[in-house]
Amino acid sequence: KLVLGYIKCNIPFKEAFFIIISAWPIALVMPFKSGDLIKSLYLKRQNKLSFKKATSSIVFDNTVDLFTLLFFTFLAFTFLSVQLPYKLYFWFSIVAFFLVLVILIAKKIPSDFFYSFKVISLRKTLFIFTLSVLGYFISFISTYFTFLSINVEIPFLEIMFYIPIIVLITIIPITISGFGTREIATIFFFSEYASPESLLSAGILLSFIIIIVPSLISLLFMKRFYDRLFAQNVKINKKSIT
């Protein structure tokens, strides 16, 4: 909602929630969140925002999101002296390089695919980043109590440092929505606090909360979302025929 507002596309919070939750299943099954493009199509047809500018808002949002994950990941490297396999260091470096490259060149690219980067000021970007940090901090609290619910006690700081790494690992398109990789990563990083069986249960429970529950909720909204999407398409087709 904030990002769209900053590019002069003001929508109510209710509408922003509706778009996100309705597009949730497609965004999950597509690699690297490419399914988010369905949001761009919806914004174009329902909110009269060009597809390129709508996509730029999604790219901007995901870039801030990834920067937030990297922020917590680098905290882990600094304060916990994390020793990770070289392949993971490689992936983190690739992601960080890509994000920095996007930030540096986005303002100079004439395409509207980077429109959000051009018009959103640094101050507004920092505000969005702060909200993203707070959002992830709340998710860490949720994860902490999720572990406690199955009698797995892990220090909160460990969760705050390792969960972002696990999230980054699940972004790698090895499995659909990170199923399997999330559980393996949970066992790997928290092995000193519980048995593999308990950690596997925790990983499955996290997947259920993060993936399954929102997907079930999205079923309540998807029909209305696609009715709006295709109804607008029908109107466009009728106009083109006439």
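This section describes the helices, surface and salt bridges of a predicted model. Residues are numbered from 1 along each chain as its sequence is written, and side-chain values use heavy atoms, with hydrogens and water left out. Because the model is predicted, local features require pLDDT of at least 70 and side-chain atom pairs count only at pLDDT 80 or more, whereas totals for chains, interfaces and linings use all residues.

The secondary structure of the chain consists of ten helices and zero strands, where helices (H or I, at least four residues) and strands (E, at least two) are DSSP runs numbered from the N terminus. The pattern along the sequence is accordingly α-α-α-α-α-α-α-α-α-α. Of the 242 residues, 42% count as buried; buried denotes under 20% relative accessible area, exposed over 50%, and partly exposed the range in between (1.4 Å probe, protein chains only). Contact is defined by heavy atoms within 4.5 Å. Among contacts between residues at least 6 apart in sequence, 69% join residues at least 24 apart. The accessible surface of the chain amounts to about 13,700 Å², and 71% of this area belongs to carbon and sulfur atoms.

Helix H2 (residues 13–29) has 17 residues and reaches 25 Å from its first C-alpha to its last, close to the expected 24 Å. A kink of about 50° lies at alanine 23 in H2, shortly before proline 25; the bend at a residue is the angle between axes fitted to the seven residues ending there and the seven starting there. The buried residues of H2 include Glu15, Phe18, Ile19 and Ala23.

In helix H7 (residues 122–149), the end C-alpha atoms are 41 Å apart, in agreement with the 40 Å that its 28 residues should span at 1.5 Å a residue. Buried positions of H7 include Ile128, Val133, Tyr136, Phe140 and Phe147. Just after H7, asparagine 151 adopts a positive phi of about 60°.

Helix H8 (residues 156–171) has 16 residues and covers 23 Å between its first and last C-alpha atoms, close to the expected 22 Å. A bend of about 30° occurs at tyrosine 162 in H8, with proline 164 following within four residues. H8 is mostly covered, as twelve of its 16 residues are buried. Among them are Glu158, Phe161, Tyr162, Pro164 and Thr170.

Isoleucine 19 lies in H2 and is buried, with a relative accessible area of 4%. Leaving aside neighbours within four places in sequence, isoleucine 19 is in contact with Ile11, Lys39, Tyr42, Leu43 and Phe225. The C-alpha atoms of isoleucine 19 and serine 218 are separated by 9.8 Å, although the two residues are 199 residues apart along the chain.

A search of the whole structure finds three salt bridges, each defined as a side-chain nitrogen of Lys or Arg within 4 Å of a carboxyl oxygen of Asp or Glu. Glutamate 15 pairs with arginine 228, with the closest N and O atoms 3.3 Å apart. Glutamate 15 belongs to H2 and arginine 228 to H10, so the pair ties together parts that are 213 residues apart in sequence. Glutamate 15 counts as buried at 16% relative accessibility, while arginine 228 is partly exposed at 27%.

Lysine 39 forms a salt bridge with aspartate 36, and the closest N and O atoms are 3.3 Å apart. Lysine 39 is buried at 16% relative accessibility, and aspartate 36 is buried at 5%. In the salt bridge between aspartate 227 and lysine 223, the closest N and O atoms are 2.9 Å apart. These two residues are separated by about one helical turn because they lie four residues apart in helix H10. Aspartate 227 is partly exposed at 40% relative accessibility, whereas lysine 223 is exposed at 62%.

A nonpolar surface patch is formed by Phe208, Ile209, Ile210, Val213, Ile217 and Leu220, with about 510 Å² of accessible area together. Patches comprise residues with over 30% relative accessible area and no salt bridge, like charges being joined within 9 Å and nonpolar side chains (Val, Leu, Ile, Met, Phe, Trp, Tyr) within 5 Å. Valine 213 is located in helix H10 (residues 196–241) and is partly exposed, with a relative accessible area of 32%.

Terms used: Accessible areas come from the Shrake-Rupley method with a 1.4 Å probe; for residues, only the protein chains shown count as cover. The expected span of a helix is 1.5 Å times one less than its number of residues.
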